[in-house]
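Here is a short tour of a protein chain for you to follow alongside the model. Please keep the viewer open as you read.

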Amino acid sequence: MTAKWSYIKSGKQDAFYNMALDELLMKKVEKGEINPVLRLYEWEIPTLSIGYFQKIHREIDVEKVKEYGYQLVRRKTGGRGVLHDKELTYSLVLPENYEGMPHTVTESYKVLSMGLLEGFKNLGLDAYFSIPEKTKTEIRSSVCFDTPSWYELVVEGRKIAGSAQTRNDGVIMQHGSILLDVDIDHLFDMFKFTNERFKQKMKSDFKSKAVPINDLTDKNITVDELYIAFKDGFEKGLSMTTTEYTLTEDDLNQLDELIEKYKSEEWNYKR
């Protein structure tokens with residue numbers, strides 16, 4: 001039986017709106033006010049989002065973020081820093097007891113990421129799931145996309161989509177970035193490294209382990225094409241149909257309150 005989901009195409013919004021709406025949708029799914037949700041969106045201003053547990057002053061050059069005119073926001077999800085700019089971002093919000101959903105985060109990543117896999121196929125890219133061999137001695141930076149995690153999508157051995165997941169009050173929210181292009185110099189300038197040599201090594205490693213879509217094709221794919229490819233991809237990959245959802249006046253009032261939370265220093269500099 002095909003499941004029924006809600007669909008929200010947010011377009012370009014600022015960092016605080018984007019994170020606030022993801023949280024609002026979690027609250028609505030928890031209360032049973034809305035079907036599971038697929039949301040696709042962009043970033044009005046380039047933004048560095050940091051993981052919930054990241055130590056901002058230890059890992060992030062906040063002054064460099066400001067110098068570039070970027071926004072900075074702490075996500076509700078874990079993981080490492082992501083530069084959101086030339087990309088399509090997705091979020092999936094659904095109950096933990098959703099039919100067929102595994103209890104473990106790793107296995108649920110695989111199920112939810114089937115939509116990503118189908119989306120990349122729609123673009124003519126030969127994507128597949130990563131099953132990395134990690135060791136205790138592996139060096140990892142504070143930058144997301146520097147290496148694939150379990151069941152993230154790779155093409156030609158390089159990570160092409162990064163995702164993060166959180167679970168609260170019986171609700172799963174997974175969101176992630178589908179990169180068209182990325183400014184690697186700006187990305188690495190916004191993180192702190194022990195020395196310049198280490199920074200250059202990590203930047204070089206990043207280039208060999210991650211890749212934006214437009215580095216893999218001569219088609220010059222647009223964001224508008226991504227919306228179509230991944231909406232269809234998630235519908236096929238998760239065996240569901242979607243109906244467009246319009247935020248109500250009450251939704252907008254709650255959203256305004258949550259936006260203030262994500263703008264606050266208390267939230268963004270809490271660690």
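The notes below go from the whole chain to single elements and residues.

This is a predicted model, in which local features need pLDDT of at least 70 and side-chain atom pairs count only at pLDDT 80 or more, while totals for chains, interfaces and linings use all residues. Residues are numbered from 1 along each chain as its sequence is written, and side-chain values use heavy atoms, with hydrogens and water left out.

**The whole chain**

- The protein chain holds 10 helices and 12 strands (DSSP runs numbered from the N terminus: H or I of at least four residues for helices, E of at least two for strands).
- Its radius of gyration is 18 Å, close to the 18 Å from the globule rule for 271 residues, so the chain is as compact as a globular protein of that length (the radius is taken over C-alpha atoms, and the rule is 2.2 Å times the number of residues to the power 0.38).
- Along the principal axes, the C-alpha atoms fill a box of roughly 55 × 40 × 35 Å.
- Of the 271 residues, 55% are buried (buried is under 20% relative accessible area, exposed is over 50% and partly exposed is in between, with a 1.4 Å probe and protein chains only).
- Among contacts between residues at least 6 apart in sequence, 78% join residues at least 24 apart (a contact means heavy atoms within 4.5 Å).

- S3 pairs with strand S4 (residues 71-74) in the parallel sense over four bridges, and with strand S5 (residues 82-84) in the antiparallel sense over three bridges (pairing takes at least two DSSP bridges between the strands).
- Ser49 has bridge partners in both strands: Val73 in S4 and Val82 in S5.

**Asn268**

- Asn268 lies in helix H10 (residues 265-268) and counts as buried because its relative accessibility is 2%.
- The side chain of Asn268 reaches the backbone oxygen of Tyr262 at 2.8 Å (a polar contact is a pair of N or O atoms within 3.5 Å; within protein, one must be able to donate a hydrogen and the other to accept it, and residues adjacent in sequence count only if both atoms are side-chain atoms).
- Beyond its neighbours within four places in sequence, Asn268 touches residues including Ile50, Leu72, Val73 and Arg74.

- Leu88 sits in strand S6 (residues 87-95) and is buried, with a relative accessible area of 0%.
- Helix H8 (residues 223-237) has 15 residues and spans 20 Å from first C-alpha to last, close to the 21 Å expected at 1.5 Å a residue (the expected span is 1.5 Å times one less than the number of residues).
- Leu88 and Leu179 are 91 residues apart along the chain, yet their C-alpha atoms are separated by 6.7 Å.

**Positive phi values**

- Asp169, in the loop between strands S10 (161-168) and S11 (171-179), has a positive phi near 50 degrees and is exposed at 60% relative accessibility.
- Asn220, in the loop between helix H7 (196-209) and H8, has a positive phi of about 55 degrees and is exposed, with a relative accessible area of 56%.
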